[in-house]
Amino acid sequence: MALAELERDPAGGGLFASPVPPPCRSRPCVLGVDEAGRGPVLGPMVYAVCYCPKEELQELEALGVADSKTLSEAERERRFGLLEAAGGLLGWALQVLPPQHISACMQQRAKYNLNELSHDTAMQLIQHALDNGVQVAEVFVDTVGPAEKYEAKLRGRFPGLEVTVRPKADALFPIVSAASICAKVARDRAVKCWNFTEDLGDDIDRDYGSGYPNGLVRFSWGTAQELLRHGGVPVTWADEDPSQDPSAPPSVLSYFTRSSPPPLPHRFFQERSLKALAEL
């Protein structure tokens, strides 16, 4: 199963996909896009696409797909199993974005916000389906940001596709509901199987209500920053303030600081071309 690799290395992220069903290579298909983990402070964000031939949508509805947020974890797992069992007609692909990647994007000098990251990831997955021969005809997307602008952006990127972007699309369109289930199941498994870099022993409490200060946390989130501000241990890095540590090397930034020009002499001296002498 494709998710087995994610469970072995949940922090690695990357693209995971089912085989493309043969009917999806020859018949017009609908494709749904949704995500899981956009809001939480812990763990990865997972984007998912799910697709099937248009005439098979009733078969998909018969599987009982629904918005993953309305289902228990056990029920999501059960319905994901049904989606996998329908692999002869239905395919999916996931992009798992690790916390480190999310934080790096949001904290880099050239700001790259979560909406842009979400849009780009969704477009990459749609392109992945097209590149693998899926005959995508219609795309349904759960919106991120203003639906009209997002829809126009997708139509500009994929002019040959019929694109519909709506709020709560995971509750409106079964193909988006299926993508929602795939994304949430993958994220749940990634968090449950997380490999901590710290030596926490063999008996790890997997109830992450308070979180852990490691690679599972998105440090760019305001929630994490507040926790660090009030409960974290203060650390002074030599590169931040070398004046407090005489043995520390100079700050890297000091090599790039432009020195201020010397002040100009009084106009009286400038007009008479007089210069001060350091010594006679």
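## Cysteines and helix H6

The sulfur of cysteine 52 lies 6.7 Å from the closest cysteine sulfur, that of cysteine 24, which is too far for a bond. This is a predicted model. Cysteine 182 is in no disulfide either. Its nearest cysteine sulfur belongs to cysteine 50, 4.6 Å away. A disulfide requires two cysteine sulfur atoms within 2.5 Å. By this rule the count is 0 disulfides. Both cysteine 52 and cysteine 182 are buried.

| Cysteine | Nearest cysteine sulfur | Sulfur distance | Relative accessible area |
|---|---|---|---|
| Cysteine 52 | Cysteine 24 | 6.7 Å | 1% |
| Cysteine 182 | Cysteine 50 | 4.6 Å | 0% |

Now to helix H6. Which residues of H6 are buried? Helix H6 spans residues 147-157, and its buried residues are Ala147, Tyr150, Glu151 and Leu154. They sit on the same side of H6 because they cover an arc of only 100° around the axis. An α-helix has 3.6 residues a turn, so residues three or four places apart point the same way. The face turned away from the buried side carries exposed residues: Glu148, Lys149 and Gly156.

What covers the buried residues of H6? The cover includes helix H5 (114-131), strand E5 (136-142) and strand E6 (162-166).

Glutamate 151 belongs to helix H6. Its relative accessibility is 18%, so glutamate 151 counts as buried; the cut-off for buried is under 20%. Leaving aside residues up to four places away in sequence, glutamate 151 touches Val163, Thr164, Val165 and Arg166.

How values were computed:
Residues numbered from 1 in each chain as written. Predicted model: local features only at pLDDT ≥ 70, side-chain atom pairs only at ≥ 80, totals over all residues. Heavy atoms only, no water. Buried < 20%, exposed > 50% of the residue type's maximum accessible area, 1.4 Å probe, protein only. Helix = DSSP H or I, 4+ residues; strand = E, 2+ residues; numbered from the N terminus. Arc of directions from axis to C-beta. Contact = heavy atoms within 4.5 Å.
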